[in-house]
Each structure stands twice: as structure tokens, then as C-alpha cells.
Amino acid sequence: MSWFKKLVGGSSNTPAAQPRASRPIPQQTDSKPLPFIDDESIQALAEATSDLYSVPLHEAADEDIAYTAWDAEFGNRLNEVEKLRRKHPVASEQDDVAELIRSLSDGPDAVIRQLPSAARDTLMLLDDENVSRAKLADTLGSDPALMQSLLRTANSAIFSAGRGQVLTIGQSLDRIGVDGARSVVLASSVQGLLSQPGGEFTAMANKVWDHMVRMAPLARALAPAFSADREETFAVAVLHDVGKLIVFDRISHLRTQRRRSLVIDIGFASLMLQHVHESLGALAASRWGIGEKGAQAIGTHHRLGAARTSPNPIAEAVYLAERADHAEQRGETLDLELVWRQGWLSGTPAAAAVILDEMRAATV
């Protein structure tokens with residue numbers, strides 16, 4: 001069963017990316033090799049390099065300016081990753097790691113695949129405030145696979161809440177809303193768009209998919225605790241870690257080019273994913289027409305650096321849902337007070353606690 005089936009219970013004008021040369025790679029500096037760094041210590045690493053997270057992107061109201069800012073921040077993250085590679089005791093000796101970083105620096109046009117034209121047309125239609133519900137239903141229902149996904153989503157526990165089944169696309173739209181339909185179209189398209197990287201990286205990619213699957217309904221449920229829109233939060237949570245999947249897609253691309261599996265240290269790959277996935281995901285969100293609001297939430301969902309000083313209801317709901325999912329997977333008790341402080345969250349802790357308790361009781 002695909003990740004998307006598990007998820008559902010069994011302005012679209014994107015700024016054009018300007019071509020540019022590969023980003024310069026910084027010179028090697030003399031320092032001791034880094035020890036292995038896993039996702040448990042990424043928070044401390046991010047704090048140590050907090051200057052990378054200081055771009056006040058929330059102040060960029062113009063989408064072209066915001067897109068350029070995300071591109072610049074992604075370049076900063078890649079440069080930092082290259083510095084870390086040069087210090088790493090294993091990755092520094094692996095040519096494939098250097099080539100992957102270079103490949104990621106080729107620019108959004110090369111790195112981020114464009115959605116299929118049919119998906120872009122559907123998303124543009126969903127963005128049109130003047131389009132009739134009948135035309136939306138006809139368009140969405142013309143694709144049997146998409147129609148089944150929409151019906152499955154509308155009838156899932158996430159949206160049905162004890163109500164009867166819906167049988168038509170029109171009824172599905174009434175239940176899940178336009179934002180919900182957008183998330184279905186986007187997630188379904190991305191699933192078919194990005195390639196599996198092969199070997200042990202495929203297992204890593206599948207874990208990312210599964211994490212987003214688990215998080216989407218939890219983030220949607222937590223949205224009211226931050227006064228965030230449920231369906232917008234759901235749509236962002238579905239793809240919040242898509243930047244990681246784009247890196248895996250790039251690994252697949254290089255594997256095809258080189259006609260062999262790549263030799264990349266897993267520990268360093270994990271560090272790279274943590275370091276670049278927010279800004280790369282925000283770039284993808286902008287490129288795919290999700291809008292700056294969604295891109296901003298995806299690009300700041302770890303609540304690091306300057307992002308902490310600016311309340312973002314959707315990003316905060318996603319942050320809490322992610323921490324709750326990690327705690328659940330590790331069999332740990334979520335320290336809500338600690339999470340609230342670390343994420344500088346601005347919602348209502350008592351409301352979030354009630355929601356988490358209800359979600360936990362529903363799964364027992």
C-alpha cells in the first residue's frame with residue numbers, strides 16, 4: 001500500500017526561477033573532524049549556526065522577493081553543509097558526497113522537478129475563486145485515481161468524524177474543502193514525481209513519507225490550539241518534509257547518471273537532510289504554487305533562529321505535531337512545557353494538551 005493511501009485511510013502563479021551558475025564552495029578551514037551527528041543533536045548544531053536562520057523571510061510580502069530569499073537561504077545551508085563535509089572523517093573522502101552537494105547547487109530549475117501539466121492545471125483551477133463547484137467536481141472526477149483519493153480522504157476518520165459516507169466529488173469538496181483537495185492533488189502528484197534513491201536510502205525515504213502520513217492528521221487536529229486553519233495546516237503538514245524527498249530524488253538522479261549505487265555516509269546524509277530540507281521544501285512549495293504562506297510554514301517548521309521571533313500558527317502546529325510524533329515513535333512521554341519553550345510557541349498549551357490526550361485515547 002502506498003504512503004498516500006495510508007494517509008487517507010487505506011495564488012498558483014509561481015515565480016520563475018532565474019538560471020544561475022552553481023554556488024561557490026567555501027574554502028577548507030583548519031579544524032578537527034566532526035563526530036557523527038544524528039537527528040538527536042541537530043537542534044544544538046542549528047543553534048551553533050543560527051546565523052543561517054536569520055533571514056526575516058516573514059517580512060517579504062512579495063512572492064518573487066520571498067522566492068529569492070528562500071533560494072539564497074538554501075544556498076547558505078548548502079555552503080554550510082560543504083564546510084561540514086570537509087571536516088567529516090568519512091564524507092570528506094567520498095566523491096559522491098561532494099557531487100551530491102554540487103548537484104544540489106545547480107538551482108531550483110534543475111533540482112526541483114516541475115509538477116505534471118495536468119496537476120498544474122488542476123491546482124490553478126482550485127485557486128480560481130470564480131470557478132463553479134460543478135466545474136471543479138467535473139475536473140477532479142475526470143481522473144479515476146484522483147477521484148478515488150478524494151473520496152477516500154473525505155470518508156477517512158480524519159474528516160468524517162462519525163458522519164456518513166460521501167459518494168460524489170461534490171460532496172467530497174463540501175467535506176474536505178478546497179485546501180483539502182489541493183493537498184490531495186499535490187501529495188498524489190509528488191508521490192508519482194519523485195524517484196526512490198535505492199538501497200538503504202529508499203528505507204530512509206519511506207520513513208520520511210510515513211512520518212508525514214502520521215503527522216498530517218495530528219497537525220490538523222492541533223491547529224485550533226494555535227488559531228490556525230485546519231485544512232491549511234493539513235495541506236502543509238502533508239508535505240512539510242518534502243525537501244528531504246527532493247534530496248533523495250537527486251540521489252536517484254545521480255545514481256542513474258553514474259549507473260551504480262552512490263557511496264554516501266549515512267550519518268552525514270542525515271545531517272545534510274536536516275540542514276537543507278526546510279529551505280529546499282519552501283522553494284518547492286513556491287515552485288509548485290502552494291503560496292508564500294505555505295512555503296513560509298514549511299520553511300520554518302523547526303522554529304529555529306529568527307523564525308522563533310515571529311508567530312506562525314501553521315508552522316507552530318506542525319512543529320508540535322512533529323515533536324509529538326517523534327516522542328510516540330520512541331516510546332517517550334512528550335514534555336509539552338519543554339517543547340513549548342524550545343519552539344517559542346504562541347498557541348494555547350492547555351488546548352494542545354487536551355487535543356493530544358484525545359488523539360492518544362482514540363488510538364488505544
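Reader: Is L334 buried or exposed, or does it fall in between?

Author: Burial is read from relative accessible area, where buried means under 20%, exposed over 50% and partly exposed in between, with a 1.4 Å probe and protein chains only. L334 has a relative accessible area of 21% and is therefore partly exposed. This is a predicted model, in which local features need pLDDT of at least 70 and side-chain atom pairs count only at pLDDT 80 or more, while totals for chains, interfaces and linings use all residues. Residues are numbered from 1 along each chain as its sequence is written, and side-chain values use heavy atoms, with hydrogens and water left out.

Reader: Where does L334 lie, and which residues does L334 touch?

Author: Helices are DSSP runs of H or I with at least four residues, strands are runs of E with at least two, and both are numbered from the N terminus. L334 lies in the loop between α16 (313–330) and α17 (336–342). Contact means heavy atoms within 4.5 Å, and, not counting residues up to four places away in sequence, L334 touches L320, R323, A324, A327, V339 and L356. The C-alpha atoms of L334 and A324 are separated by 6.3 Å, although the two residues are ten apart along the chain.

Reader: How many helices and strands does the protein have?

Author: The secondary structure comes to 18 helices and zero strands, and buried residues make up 54% of the 364 residues.

Reader: How should I read the packing of α10 against α12, and at what angle do their axes cross?

Author: Two packed helices are described by the angle between their axes and the distance between the axes. The axes are lines fitted to C-alpha atoms over the stretch in contact, and angles run from 0 to 180 degrees between N-to-C directions. Here the axes of α10 (residues 169–193) and α12 (residues 230–238) come within 8 Å and cross at roughly 10°. Since angles under 35 degrees count as roughly parallel, α10 and α12 are therefore roughly parallel to each other. The contact is made by I176, D179, G180, S183 and A187 of α10 together with E231, E232, F234, A235 and V238 of α12.

Reader: Is R220 buried or exposed, and what is R220 in contact with?

Author: R220 lies in helix α11 and, at 11% relative accessibility, counts as buried. Leaving aside neighbours within four places in sequence, R220 is in contact with I158, F159, R230, E231, T233 and F234. Of these, E231 and F234 also belong to the contact between α10 and α12.

Conventions. Parallel < 35°, antiparallel > 145°, perpendicular 65-115°, else oblique.
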